[in-house]
Amino acid sequence: MTLGGNLFSIFGGAIATSWLLLTAQRNSNTDKPFWFLLAAGTYNFFLAEFLWLTHENLLNIEVPFPGLPDLFFLLQIGFYLAAFIYKVIKEKQQLDFIKFIFDILIVMTVASTFSWHFLLQPFISVSEVSAFSLAVTLAYPIGDLALLFGVGVLFLGMQQAGFNKTIFFLFVGWFIQILADSSFLYFVAKDDYSSGGLIDPLFTLAVLLVGFAGLVERERTTENQALPIQKSSNRVLSTFRIVFPYLNVTILFVLMISRSDGIDSLTIGSGISILLIVIRQIFVLTENQKLLHQVHAKKEAPEFHISETRLQFLAYHDSLTGLANRALFEEMLKQAVSDAKLYGSSFAVMFLDLDNFKKINDTMGHDAGDQLLILIADRLKESTRKNDVVARLGGDEFTILIRDVSSPQNTAVIAEKILRSLSLPHLVNGEKITSSPSIGIALYPLNGTTPAALLKKADMAMYQVKDNGKGHYQLFEEDSVVAVNRKTTECR
């Protein structure tokens with residue numbers, strides 16, 4: 001059983017180290033040190049277990065205490081702590097420091113109280129132990145307390161509202177490490193520990209979980225997910241983070257009532273924990289009041305209303321030209337169809353595409369193309385009436401809703417006005433540019449009675465113009481359907 005347990009520990013340390021090294025090699029430069037430090041920690045566990053097996057199974061002698069295995073076990077904790085410190089420095093902008101510090105202090109106070117009462121005090125009371133042996137022995141629970149601090153940083157400090165598998169496996173692995181160390185010292189203090197028992201696999205399980213966190217992170221990196229902050233909603237995990245410090249204090253308080261006689265370490269630890277909770281809550285309430293005042297102040301500020309109005313404008317208008325966007329145009333077109341059915345009126349839809357715009361973009365640059373689109377938008381608004389709607393669908397495509405059309409000739413007048421206006425040169429970056437439009441027109445109810453049908457037929461009429469030389473307008477006719485179908489067949 002002893003040999004099997006030692007071999008299991010050695011293989012566990014080797015496997016975990018290889019997983020973490022692969023993760024470090026394939027991760028971004030900023031995260032490499034974190035995973036290398038963890039790999040160094042698991043490698044020291046491997047070395048300590050190898051020396052343990054050498055003494056116990058190969059040399060058949062009792063493992064010395066303190067000895068080389070203890071050095072590597074303590075180095076394991078040291079490298080873990082170095083990884084924590086690196087992560088805290090790197091992610092310090094993610095920490096809400098005041099509340100985080102109080103949460104950590106609460107957990108650390110409870111843990112220190114338990115460690116002193118059940119582990120440290122019994123060892124110190126043993127006078128036969130040498131000073132060096134006592135120092136090495138105390139280094140384990142003190143290291144575990146530091147490790148617990150790191151777990152607290154990881155679990156409570158990072159503002160993660162979402163479930164993160166990497167963080168979860170790291171947390172569970174380190175927590176089991178602390179549990180195994182504490183159990184080991186507790187049974188040693190009672191002179192009830194034997195090598196190859198049920199506690200030993202816990203150390204290996206802890207190391208394997210830390211290594212497995214590296215495998216999980218490799219999958220996340222492959223999927224281009226960031227380490228380690230995820231902000232998806234998970235109420236259960238968020239609630240547990242809030243409750244965790246108070247749960248520790250509750251356990252300590254119950255233990256104090258059931259086991260404490262007078263003023264001792266349990267009583268003092270409970271009092272300090274409760275005091276920290278009170279101070280933390282006062283701070284939280286004060287912060288909440290400040291936030292409420294800030295929110296009210298921002299809502300009353302003119303800038304808040306300006307930005308809100310700006311957002312509403314951008315939701316329905318093109319950010320470059322200021323014209324209506326596709327969403328607003330489609331809504332206006334639906335309303336026009338509804339009104340026309342109700343009042344028996346007519347209107348027209350124009351689909352406009354600039355000729356040779358791509359060539360201008362390619363030769364003069366996109367900035368020049370954007371300036372040209374702004375100038376064209378201004379001329380379109382000048383060429384139409386106030387109650388008409390000019391929209392930019394995207395690129396160099398524009399649509400126009402011409403209201404209250406009494407006849408096709410009435411629409412033709414507006415189309416000719418647009419052609420004359422856009423045929424004049426535009427001054428862009430000191431150069432004169434001419435960009436004529438091709439315009440297709442569909443009439444309600446002559447060419448369609450739904451927004452989709454009208455847009456489609458105006459588009460088809462525009463392609464008829466493109467086929468016939470560009471730079472003019474075309475009312476939709478059935479012949480245009482044949483022309484568009486012929487164009488599509490040729491393209492295929």
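The structure, a predicted model, holds eleven aromatic pairs. Rings of Phe, Tyr and Trp (its six-membered ring) pair if their centres lie within 6.5 Å; planes under 30 degrees apart count as stacked, over 60 as edge-to-face and the rest as tilted. Trp19, Phe168, Phe169 and Phe212 form one aromatic cluster. Phe168 is partly exposed at 37% relative accessibility. Phe212 is partly exposed at 33%. Here buried means under 20% relative accessible area, exposed over 50%, and partly exposed in between (1.4 Å probe, protein chains only).

Strand β6 (residues 437–444) has eight of its eight residues buried, so the strand is largely enclosed by the rest of the structure. Pro437, Ile439, Ile441 and Leu443 point one way; Ser438, Gly440, Ala442 and Tyr444 point the other way. Helices (H or I, at least four residues) and strands (E, at least two) are DSSP runs, numbered from the N terminus.

Two strands pair if DSSP finds at least two bridges between them. Strand β1 (residues 347–354) runs antiparallel to β6, joined by eight bridges. Ala348 has Leu443 of β6 as its bridge partner. Three bridges join β6 to the parallel strand β7 (residues 473–475). There, Ile441 stands opposite Leu475.

Residues are numbered from 1 along each chain as its sequence is written. Local features need pLDDT of at least 70, side-chain atom pairs count only at pLDDT 80 or more, totals for chains, interfaces and linings use all residues, and side-chain values use heavy atoms, without hydrogens and water.
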